[in-house]
Amino acid sequence: MALPRKTSKLTAVATAVSLAMAPMSALAQQAKGPPVIRDTEAEQLLREYTRPILRAAGLEKQNIQIVIINESVFNAFVADGRRIFVNYGAMMQSETPNQIIGVMAHETGHLAGGHLSKMREQMAQAQTQMIIAMLLGAGAMVAGSRGGNSNGGLANAGAAVVAGPQEMIRRTLISYVRQQEENADRAGVKFLNATGQSAKGMYETFKRFTNDSLFAARGADPYVQSHPMPAERVAALEEMARSSSYWDKKDDPALQLRHDMVRAKISAFMERQDTVYRRYPSSNDSLPARYARAITTYLHGDLRSALAQIDGLIQLQPNNPYFYELRGQALLEGAKPAEAIAPLRKAVSLSNNAPLIEMLLGQALVATDNKAYTEEAIAILRAAVARESEAPLGYAQLAMAYGRKGDFAQADLASAQAAFLRGDNKTARELASRAKTRFAVGTPGWVKADDIVAAKPLPGQNSN
Ligand SMILES: [Zn+2]
């Protein structure tokens with residue numbers, strides 16, 4: 001029952017069409033892990049946080065995805081106009097739904113303002129200017145050195161030419177970004193007002209990052225580097241936020257609980273066990289604390305105790321799909337796939353057929369080695385990959401199910417799709433070429449295989 005394990009460069013995230021992804025449980029067992037975290041509960045919550053904001057911004061039709069990045073530092077950013085990226089650290093450091101919703105509102109402000117394309121243009125111009133500056137500088141320095149040491153004037157002039165335009169570029173970029181930041185704040189507050197929400201959380205978060213704060217002094221936080229936060233900006237934000245009649249509006253307690261549950265889950269999957277117990281000691285009887293302890297118990301191999309704890313959670317919230325998902329996942333990874341099927345079926349039905357949970361159910365059905373489950377596994381996995389086409393786990397399990405059935409054409413195609421999504425283009429091409437020989441020319445399977453054979457690798461991907 002090996003879950004997919006794959007290490008990729010974080011930089012691949014912004015450029016690659018297909019993202020390497022893995023369930024949280026696979027991440028907890030590896031040093032660094034893939035760049036992106038997949039979890040239905042966390043993604044669903046972030047989608048619910050963001051949907052009204054996107055609607056208020058007139059972006060609801062653009063099908064913007066929320067992607068959780070496997071990084072513990074605070075960051076959230078938009079890179080391509082189709083996705084909002086959020087580090088899991090931003091969820092961990094947001095104590096209330098309103099705080100992270102405020103960050104999403106600000107990022108939506110960047111999206112709605114079209115800051116991405118302008119930023120790119122600016123960067124391209126800056127790069128051109130930089131090259132010109134370097135050429136000029138190098139030429140001037142050569143001229144200076146020819147004159148010998150006594151002629152310091154020219155050499156220094158060369159250095160000044162280098163420093164001049166670069167300093168100019170730096171200033172232009174930052175002032176430009178500052179203007180964008182203020183616009184994104186203003187848009188974000190507008191979206192929050194339009195949806196009857198307070199901008200207090202946005203203000204609280206950004207105040208922590210103010211340029212003269214301890215946070216910024218550390219200088220390592222990517223959010224501060226990409227979103228300059230001079231005190232005047234935060235002061236202006238405070239004024240806007242306070243003038244809203246929603247300033248004092250509190251988060252719904254049910255939503256706060258779901259927020260705390262996701263933070264507990266992230267802590268349990270991503271942090272060291274002693275840290276988890278420090279955050280959620282056994283004296284803490286709250287639902288999030290019990291959730292965190294149940295997860296860390298299963299991850300550290302005590303299946304029997306973990307199942308008892310999960311059953312306790314199910315008694316408290318018998319309609320929570322994620323408790324059944326956890327039970328199924330613990331059993332599946334504890335080499336008891338047949339026992340994992342019932343809780344995973346329940347999780348699929350309670351979650352309205354969440355595709356990532358369907359993939360887990362498909363995996364359990366395949367792992368039983370019982371041929372009676374093969375057709376059902378294929379049907380569930382096909383439905384799952386149709387709605388969640390970027391998760392290699394679904395295709396990898398589908399390949400196994402087809403292999404068991406003896407359908408090697410489909411098995412090769414699904415394996416090729418899994419390899420392609422993992423960024424392993426070489427394997428993907430080999431498997432797709434073999435799949436093409438097994439399908440009749442021009443059939444849908446042949447066409448899909450042909451697409452993979454013909455696909456051009458993206459920059460940063462394995463090209464051979
Ligand atoms: Zn910003």
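User: In which hand does helix 17 pass helix 18?

Analyst: Helix 17 passes helix 18 in a left-handed crossing. A crossing is called left-handed if the near helix is turned anticlockwise from the far one by less than a right angle, and right-handed if clockwise. This is a predicted model: local features need pLDDT of at least 70, side-chain atom pairs count only at pLDDT 80 or more, and totals for chains, interfaces and linings use all residues. Residues are numbered from 1 along each chain as its sequence is written, and side-chain values use heavy atoms, with hydrogens and water left out.

User: Why are helix 17 and helix 18 called roughly antiparallel?

Analyst: The axes of helix 17 (residues 337-350) and helix 18 (residues 355-367) cross at roughly 155 degrees. Angles over 145 count as roughly antiparallel, under 35 degrees as roughly parallel, 65 to 115 as roughly perpendicular and the rest as oblique. Helix 17 and helix 18 are therefore roughly antiparallel.

User: Which residues make the contact?

Analyst: Contact means heavy atoms within 4.5 Å. Among them are Leu-344 and Arg-345 of helix 17, and Glu-358 and Leu-361 of helix 18.

User: What makes Asn-98 buried?

Analyst: Asn-98, in helix 5 (residues 97-112), has a relative accessible area of 9%. Buried means under 20%, exposed over 50% and partly exposed in between, with a 1.4 Å probe and protein chains only. Asn-98 is therefore buried. Leaving aside neighbours within four places in sequence, Asn-98 is in contact with residues including Ser-198 and Asp-251.

Notes. Axes are lines fitted to C-alpha atoms, for helices over the stretch in contact, and angles run from 0 to 180 degrees between N-to-C directions. Helices (H or I, at least four residues) and strands (E, at least two) are DSSP runs, numbered from the N terminus.
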